Amino acid sequence: MTSQSDLSPQTIPKKAITVRFQRTAIIGYIGLLVLMPIWLFLIAPREGYSNGFIFVVYILPLLLPLKGIIQDKPYTYAWANFIVMLYFIHGLTLLWIAQDQLLWVLLELLFASMMFVGCTYYARHRGQELGLKIRKLKDELAQEKAEQEYDRKNQ
């Protein structure tokens with residue numbers, strides 16, 4: 001009989017709620033990945049900015065977690081939240097100053113919110129299913145202190 005630690009992450013089944021959060025994250029991610037280039041290059045190009053600048057600032061950050069999301073890595077879902085906050089802040093800012101683009105702004109906020117919630121809870125639930133734990137800083141500091149004291153005694 002194999003233990004859970006002997007199984008690869010792909011063989012450990014996902015609970016229904018985990019799958020639901022993953023789908024929510026992926027819909028939000030793909031939504032942003034499709035929306036941003038269409039909006040910024042075709043529908044409402046930004047005057048005074050080159051296409052290269054727009055790509056680097058608005059599109060490239062979305063491509064950073066692509067590999068980890070395809071490989072289904074919970075850690076990637078967790079740190080992708082830092083990236084999605086750029087789009088959430090961008091959407092909130094434009095909500096205030098660019099009311100002529102309200103539909104696109106609301107779509108950006110919807111997709112960013114979906115990705116944020118989906119990534120957060122998918123990383124949490126899938127991490128628990130895989131037995132991954134983030135050590136608390138307090139525990140790490142206590143272990144480090146104990147190791148230093150042990151080293152001092154044995155010198």
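This is a predicted model: local features need pLDDT of at least 70, side-chain atom pairs count only at pLDDT 80 or more; totals for chains, interfaces and linings use all residues.
Colleague: How much of the chain counts as buried?

Modeller: Of its 155 residues, 33% count as buried.

Colleague: And what share of the contacts with a separation of 6 or more comes from residues 24 or more positions apart?

Modeller: That share is 72%.

Colleague: Which residues does UniProt put under "transmembrane region"?

Modeller: The annotation, from an unreviewed entry, covers residues 21–42, 48–66, 78–97 and 103–123.

Colleague: Take 78–97. What does the model show there, helix or strand?

Modeller: Residues 78–97 are 100% helix and 0% strand, with the end C-alpha atoms 30 Å apart. For residues 103–123 the figures are 100% helix and 0% strand, and the C-alpha atoms at the ends of that stretch are 30 Å apart.

Colleague: Moving inside. How many residues are in the largest nonpolar core?

Modeller: It has 29 residues. Those with the most contacts inside the core are L32, M36, W39, Y77, Y87 and M115.

Colleague: Which helices supply at least two residues of that core?

Modeller: α1 (16–43), α2 (51–63), α4 (74–97) and α5 (102–130) each do.

Colleague: You listed W39. What does W39 touch, not counting residues up to four places away in sequence?

Modeller: W39 touches A44, P45 and R46, then H90 and L94, and also Q101, W104, V105 and E108.

Colleague: Change of topic. At what angle do α2 and α4 pack?

Modeller: The angle is about 145 degrees, and the axes of α2 and α4 are 9 Å apart. Their contact involves V57, Y58, I59, P61 and L62 on the α2 side, and I83, Y87 and H90 on the α4 side.

Colleague: How does that contact split by class?

Modeller: Seven of the residues in the contact of α2 with α4 are nonpolar, one is polar and none is charged.

Colleague: And which way do they cross, left-handed or right-handed?

Modeller: The crossing of α2 past α4 is left-handed.

Colleague: Now single residues. Where does G28 lie?

Modeller: G28 is in helix α1. Its relative accessible area is 0%, so G28 is buried.

Colleague: What is G28 in contact with, neighbours within four places aside?

Modeller: F111, M114 and M115. G28 and V117 are 89 residues apart in sequence, while their C-alpha atoms are 9.3 Å apart in space.

Colleague: What about P74, buried or exposed?

Modeller: P74 is buried, because its relative accessible area of 10% is under the 20% cut-off. P74 lies in helix α4.

Colleague: Which residues does P74 contact, again leaving out neighbours within four places?

Modeller: Y122, A123, R126, G127, L130 and L132. For P74 and L132, which are 58 residues apart along the chain, the C-alpha separation is 9.3 Å.

Colleague: T76 is in which helix?

Modeller: T76 lies in helix α4. With 7% relative accessibility, T76 counts as buried. Apart from neighbours within four places in sequence, T76 is in contact with P65, G68 and I69.

Colleague: Last one, D72. Where is D72?

Modeller: D72 is in the loop between α3 (66–70) and α4. D72 is not a glycine, yet its phi is positive, at about 60 degrees.

Technical notes:
Residues are numbered from 1 along each chain as its sequence is written. Side-chain values use heavy atoms; hydrogens and water are left out. UniProt positions are given in the numbering used here, feature names are shortened, and annotations may be inferred rather than shown by experiment. Helices (H or I, at least four residues) and strands (E, at least two) are DSSP runs, numbered from the N terminus. A nonpolar core is a set of buried Ala, Val, Leu, Ile, Met, Phe, Trp, Tyr and Cys residues joined through side-chain atoms within 4.5 Å. Buried means under 20% relative accessible area, exposed over 50%, partly exposed in between (1.4 Å probe, protein chains only). Contact means heavy atoms within 4.5 Å. Axes are lines fitted to C-alpha atoms, for helices over the stretch in contact, and angles run from 0 to 180 degrees between N-to-C directions. A crossing is left-handed if the near helix is turned anticlockwise from the far one by less than a right angle, and right-handed if clockwise. Ala, Val, Leu, Ile, Met, Phe, Trp, Tyr, Cys and Pro count as nonpolar, Asp, Glu, Lys and Arg as charged, and the others, Gly among them, as polar.
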